[in-house]
Amino acid sequence: MLEQQRILLAQACRVAAARGLVDGILGHLSLRVDEDRLLIRCRSDSDTGVAFTRPSDIRLIDFDGKAGATGELDGYRVPNELPIHLETMLADARHQAVAHLHPPEAVAADLAGITIRPIYGAYDIPGAWLARAGVPVYERAVLIRSSELGKQMVAAMGTASVVICRGHGITSAAATVPQAVLQSISLNELARMALRVRSAGGTLTEIDDADWDDLPDLGAGFNVDAAWRHEVARLAAQPS
């Protein structure tokens with residue numbers, strides 16, 4: 001089971017990079033495996049970046065940030081921002097997977113004073129509902145490397161599944177790794193579209209209230225399973 005989870009997390013890191021949600025060595029994903037442990041992308045002296053994440057880069061650690069009896073950190077270092085993952089998971093039992101990424105459009109839109117809103121509908125139904133629920137902002141542009149800062153970010157996140165970290169990136173939390181990444185893709189596309197509308201001289205207007213009844217939840221089989229198959233296939237089709 002752990003090896004399959006390592007493969008999934010490594011794949012998700014590469015998908016995030018292929019989608020432009022991270023660049024270089026910045027960004028990390030995690031998955032809680034039980035009450036006391038999580039798998040997380042770590043770095044080694046041979047690290048070549050998130051786009052080239054291998055299953056061996058995914059290490060098992062305890063919630064105290066150490067490898068415990070597993071010896072898993074041999075030659076690896078946990079992310080400086082490990083508290084993002086720990087505090088997000090500890091704050092809400094639904095948050096089994098956490099993606100901390102640096103999508104440029106989401107960062108730029110927030111810095112431009114744009115609030116993420118449901119400006120489109122059937123273009124991306126999960127994204128529209130994500131925006132309707134509200135995308136909060138953690139207003140400090142800091143490296144979240146302490147429990148205190150992690151708790152501040154989680155407080156800003158509230159009951160939402162994603163939060164923008166101003167001048168920094170985003171944190172997306174979900175029940176599964178694919179969901180955490182797909183939410184991040186939707187959030188960045190919302191930001192990208194808002195920036196396009198603004199750059200074209202348009203006004204950001206929310207869709208009509210009457211339209212929500214005809215924007216149904218098409219189910220996990222479509223929104224997650226099929227969408228994730230596409231991301232994996234898209235990744236495989238990229239030139240090596």
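Which element gives the most to the lining of the largest pocket? That would be α7, with 8 residues. Keep in mind that this is a predicted model, where local features need pLDDT of at least 70, side-chain atom pairs count only at pLDDT 80 or more, and totals for chains, interfaces and linings use all residues. Residues are numbered from 1 along each chain as its sequence is written, and side-chain values use heavy atoms, with hydrogens and water left out. Helices (H or I, at least four residues) and strands (E, at least two) are DSSP runs numbered from the N terminus.

**The largest pocket**

- The largest pocket holds about 860 Å³ of space, a volume being the space filled by probe spheres set on grid points that are joined across faces, edges and corners.
- Closest to its centre, out of 32 lining residues, are Asp124, Pro126, Gly127, Ser186 and Asn223.
- Two or more lining residues come from each of α4 (125-133), α6 (177-199) and α7 (220-237).
- On a 1 Å grid over the protein atoms alone, where a 1.4 Å probe is used, a pocket is an open set of points with protein on both sides within 12 Å along at least five of seven lines, and lining residues have an atom within 4 Å of a point.
- By class, the lining splits into 18 nonpolar, 9 polar and 5 charged residues; Ala, Val, Leu, Ile, Met, Phe, Trp, Tyr, Cys and Pro count as nonpolar, Asp, Glu, Lys and Arg as charged, and the others, Gly among them, as polar.

**Helix α1 and its partners**

- α1 (residues 2-18) packs on α6 at about 10°, axes 10 Å apart (axes are lines fitted to C-alpha atoms, for helices over the stretch in contact, and angles run from 0 to 180 degrees between N-to-C directions).
- That pair is therefore roughly parallel, the label for angles under 35 degrees, while 65 to 115 counts as roughly perpendicular.
- Leu8, Leu9, Ala12 and Val15 in α1 meet Val177, Pro178 and Val181 in α6, with contact meaning heavy atoms within 4.5 Å.
- This α1 to α6 contact has 7 nonpolar residues, no polar and no charged ones.
- With α7, α1 packs at about 75°, again with axes 10 Å apart, so α1 is roughly perpendicular to α7.

**α4 against α6**

- The α4 and α6 axes come within 9 Å and cross at roughly 75°, so the two are roughly perpendicular.
- Gly127, Leu130 and Ala131 in α4 meet Gln183, Ser186, Leu187 and Leu190 in α6, giving 4 nonpolar, 3 polar and no charged residues.

**Salt bridges**

- The count is 12 salt bridges, each a side-chain nitrogen of Lys or Arg within 4 Å of a carboxyl oxygen of Asp or Glu.
- One of them pairs Glu3 with Arg6, closest N and O atoms 2.9 Å apart.
- Glu3 and Arg6 sit 3 residues apart in helix α1, so about one helical turn separates them.

How values were computed: Angles under 35 degrees count as roughly parallel, over 145 as roughly antiparallel, 65 to 115 as roughly perpendicular and the rest as oblique.
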